[in-house]
Amino acid sequence: METRLKAPDLSLLDKVWSINWLLVALLGVIGAIGCAVLYSAAGGAADPWASRHALRLAVGLGVMLALALVDVRFWFRIAYWAFGIGVALLVAVDLTGFAAKGAQRWIDLGPVQLQPSEIMKIALILGLARWFHAAWLEDVRRPLFLVVPLLMVAAPVGLVLLQPDLGTAITLVSVGGTLFFAAGVRWWKFALVIALALGTLPVGWGMMHDYQRQRVITFLNPEQDPLGSGYHIIQSKIALGSGGFWGKGYLHGSQAQLNYLPEKHTDFAFTTLAEETGFVGATSTLALFLAVVLLGIHAATRARSQFARLVIVGLSMNFTVYVVINTAMVMGLIPVVGIPLPLVSYGGTAMLTVLLGFGILLSADVHRETVIQRFPRH
């Protein structure tokens with residue numbers, strides 16, 4: 001498909017100058033906080049988590065800055081290809097992936113273990129942004145026009161649920177719904193879908209795995225099995241509460257240092273941070289996350305093309321869902337669904353995917369004056 005640039009092409013120096021360096025700095029600071037948390041989680045040692053986290057952060061930031069210089073029209077051209085490859089990788093996981101902790105989510109590539117569901121989050125955003133790019137409001141309001149994007153969301157969600165990975169499925173639905181809303185889909189259609197989803201809850205409950213049902217039961221009453229299924233969330237709440245206003249001090253969190261807190265370096269890394277730095281440290285870190293999201297929203301408001309605007313909105317929403325679900329999960333406000341805290345929790349694919357997403361977001365922002373032709377449609 002032909003794309004056309006209406007604004008003057010940018011030189012390399014123009015692109016570097018146009019990068020939102022405040023956003024880059026915030027991401028670097030959050031990643032550095034992650035290194036400190038993982039150093040503490042290991043009992044005051046760089047290995048095995050903090051050193052690798054720092055290396056991945058440095059590489060990821062470099063890749064992010066390189067991607068920021070790529071013309072946004074490149075992401076437009078490969079959007080459908082990226083979506084197709086993402087779906088193919090999810091199929092490959094279901095056919096040949098290896099399982100760990102009761103879930104089959106990874107492909108073994110030798111030195112690297114790839115988790116395609118993380119890549120799918122970005123691929124879905126690119127695919128939906130391209131589909132809605134050429135749509136006028138009249139198109140978006142026609143139910144038949146929404147069949148294709150609905151299938152684009154349903155296909156990866158179904159494949160992810162087979163792994164099973166409920167947290168990622170929720171993220172994909174949330175991000176997809178946000179792009180539908182940003183594209184102009186009327187609110188009553190969301191209400192209809194939510195009502196249908198609520199009506200199928202009994203069917204969904206019957207299709208859930210035993211451990212997933214147990215997570216819901218544990219969420220409603222964790223004290224029912226305090227040494228079994230309720231152990232994680234009970235210890236997390238103890239650690240969060242014991243941190244108080246100022247915290248117990250760096251490297252002095254008893255729940256984390258004495259290994260009472262499970263998964264203290266991955267899903268419950270925020271609990272480790274909150275126990276040692278207290279309410280002040282936890283809210284300050286959340287303020288950094290909020291600042292990143294607000295910068296993303298600001299970037300979306302000044303993008304001239306619908307594709308760039310939707311990509312920025314989708315990637316910002318993806319980041320927001322990560323943070324909201326993880327922090328609500330460790331506080332016991334929602335069931336545990338295995339979502340890491342971005343740039344803080346230990347995990348290579350998750351970190352690189354987050355920084356890859358921000359590289360594309362920065363690219364859309366750097367080329368915000370670029371106008372991509374709306375027709376031919378797809």
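Here is a short tour of a few helices and the residues around them. Please keep in mind that this is a predicted model.

**How H3 and H16 pack**

- Helix H3 covers residues 50–68 and helix H16 covers residues 348–366; their axes come within 8 Å and cross at roughly 25°.
- Because angles under 35 degrees count as roughly parallel, H3 and H16 are roughly parallel to each other.
- The crossing of this pair, H3 and H16, is right-handed.
- On the H3 side, the residues in contact are His53, Arg56, Leu57, Gly60, Leu61, Met64, Leu67 and Ala68. They meet residues of H16 that include Met351, Leu355, Phe358, Leu362 and Val366.
- Sorted by class, the contact of H3 with H16 has 12 nonpolar, five polar and one charged residues.

**Helix H8**

- H8 runs over residues 166–183, and its 18 residues reach 26 Å from the first C-alpha to the last, close to the 26 Å expected at 1.5 Å a residue.
- Among the buried residues of H8 are Gly167, Leu172, Val175, Leu179 and Phe180.
- What covers the buried residues of H8? The cover includes helices H5, H6, H7, H9 and H15.
- After H8 comes Gly184, with a positive phi near 115°.

**Helix H12**

- H12 spans residues 231–242, and its 12 residues reach 16 Å from the first C-alpha to the last, close to the 16 Å expected at 1.5 Å a residue.
- Ile233, Ile234, Gln235, Ser236 and Ala239 are buried in H12.
- Gly244 follows H12, and the phi of Gly244 is positive, near 60°.

Technical notes. Residues numbered from 1 in each chain as written. Predicted model: local features only at pLDDT ≥ 70, side-chain atom pairs only at ≥ 80, totals over all residues. Heavy atoms only, no water. Axes fitted to C-alpha atoms, helices over the stretch in contact; angles between N-to-C directions. Helix = DSSP H or I, 4+ residues; strand = E, 2+ residues; numbered from the N terminus. Parallel < 35°, antiparallel > 145°, perpendicular 65-115°, else oblique. Left-handed = near helix turned anticlockwise from the far one by under 90°. Contact = heavy atoms within 4.5 Å. Nonpolar A, V, L, I, M, F, W, Y, C, P; charged D, E, K, R; others polar. Expected span 1.5 Å × (residues − 1). Buried < 20%, exposed > 50% of the residue type's maximum accessible area, 1.4 Å probe, protein only.
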